[in-house]
Amino acid sequence: MNETIKIIMERRSVRSYTQDQIKDTELKSILDAGMYAPSAMNQQSWHFTAIQSKDIIHRINEECKNIFLKSGNKQLEERAKSPKFDLFYNAPTLIIVSGKKDNIAPEIDCATALQNMFLAAESINIGSCWIHGVTTLENSESGKNLIKELGIPEDYKIVGSGIFGYKAAVAPEPAPRKEHTVNIIK
Ligand SMILES: Cc1cc2nc3c(=O)[nH]c(=O)nc-3n(C[C@H](O)[C@H](O)[C@H](O)COP(=O)(O)O)c2cc1C
């Protein structure tokens, strides 16, 4: 198996991190990998907000917690009531990926960018995980203010985010792959 395919097979979502910050060169490699993802009509619809401030990551977590609590969704409310609520699993780096709303396929462009980042991270032995909850930030006025404060351009919407850091535990084995999802026609 070549190195790239090995990395694809071995990448797992990591939910336990050491508190050492990743190096600037590692962050740059991850961001560059995101920027070189494919995008519809090469529009590169993404905007990356890399956050390495514990305080700011904590503020985003608290904002999302309040939004979950008022969401009217029982499952989200229950999750947010937990004293251990931490969307970001205490990871030292968070990259929010936002897509330009009026482009062709901002969500898809952002997803290809995030996956490139996850694979680049794995290739340098950095753990990562997609975190969806940040997309709820726009559901409250204070969340919207925080989005502004983070410098996310007005014509972009948050599509997702990735957390990154050194792994503190071995990730579990991958779940079995679903059957009958491939049809090869020759
Ligand atoms: C669109 C999307 C949203 C996700 N959101 C979350 C999330 O909010 N929190 C989380 O812990 N994992 C999240 N994940 C990670 C998935 O749970 C994970 O990819 C899946 O269980 C397969 O495991 P693996 O990544 O280890 O192969 C998300 C993945 C995707 C693609």
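Let's start with Glu-77. Buried or exposed? At 14% relative accessibility, Glu-77 counts as buried, because the cut-off for buried is under 20%. Keep in mind that this is a predicted model.

Where does Glu-77 sit? Its place is in helix 4. Now, what does Glu-77 touch, if we skip its neighbours within four places in sequence? The contacts are Phe-68, Leu-69, Ser-71 and Gly-72.

In general, two packed helices are described by the angle between their axes and the distance between the axes. Helix 3 covers residues 54-69, and helix 4 covers residues 74-81. Their axes lie 7 Å apart, at an angle of about 135 degrees. That angle makes helix 3 oblique to helix 4. The crossing of the two is left-handed.

Sort them by class. The contact of helix 3 with helix 4 has four nonpolar residues, four charged residues and no polar ones.

Next pair: helix 2 and helix 5. These pack at an angle of about 145 degrees, with axes 7 Å apart. This crossing is right-handed. Helix 2 brings Ser-29, Ile-30, Ala-33 and Gly-34. Helix 5 brings Ala-113, Asn-116, Met-117, Ala-120 and Ala-121. How many charged residues are in this contact? None: the contact of helix 2 with helix 5 divides into six nonpolar, three polar and no charged residues.

Helix 5 has another partner here, helix 1. Helix 1 is residues 3-10, and helix 5 is residues 106-123. Their axes come within 9 Å and cross at roughly 105 degrees. So helix 1 is roughly perpendicular to helix 5. On the helix 1 side, the contact uses Ile-7, Ile-8 and Glu-10. On the helix 5 side, it uses Leu-119, Glu-122 and Ser-123. By class, the contact of helix 1 with helix 5 holds three nonpolar residues, one polar and two charged.

Now the aromatic rings. How many aromatic pairs does the structure hold? Four. Take Trp-46 and Phe-48. Their ring centres are 6.1 Å apart and their planes are at 15 degrees, so the pair is stacked. The cut-off behind that word is planes under 30 degrees apart. Is this pair buried or exposed? Trp-46 is buried, at 8% relative accessibility. Phe-48 is buried too, at 16%. Elsewhere, Phe-118, Trp-130 and Phe-164 form one aromatic cluster.

Last topic: the backbone. Most residues other than glycine have a negative phi. Which residues here go the other way?

Gln-44 has a positive phi, near 45 degrees, and it is not a glycine. Gln-44 lies in the loop between helix 2 and strand 1. Helix 2 is 24-35, and strand 1 is 46-51. With 38% relative accessibility, Gln-44 counts as partly exposed.

Tyr-89 is not a glycine either, and its phi is positive, about 50 degrees. You will find Tyr-89 in the loop between helix 4 and strand 2, which is 93-100. Its relative accessible area is 28%, so Tyr-89 is partly exposed.

That's the tour. Any questions, ask away.

How values were computed:
Residues are numbered from 1 along each chain as its sequence is written. This is a predicted model: local features need pLDDT of at least 70, side-chain atom pairs count only at pLDDT 80 or more; totals for chains, interfaces and linings use all residues. Side-chain values use heavy atoms; hydrogens and water are left out. Rings of Phe, Tyr and Trp (its six-membered ring) pair if their centres lie within 6.5 Å; planes under 30 degrees apart count as stacked, over 60 as edge-to-face and the rest as tilted. Buried means under 20% relative accessible area, exposed over 50%, partly exposed in between (1.4 Å probe, protein chains only). Axes are lines fitted to C-alpha atoms, for helices over the stretch in contact, and angles run from 0 to 180 degrees between N-to-C directions. Helices (H or I, at least four residues) and strands (E, at least two) are DSSP runs, numbered from the N terminus. Angles under 35 degrees count as roughly parallel, over 145 as roughly antiparallel, 65 to 115 as roughly perpendicular and the rest as oblique. A crossing is left-handed if the near helix is turned anticlockwise from the far one by less than a right angle, and right-handed if clockwise. Ala, Val, Leu, Ile, Met, Phe, Trp, Tyr, Cys and Pro count as nonpolar, Asp, Glu, Lys and Arg as charged, and the others, Gly among them, as polar. Contact means heavy atoms within 4.5 Å.
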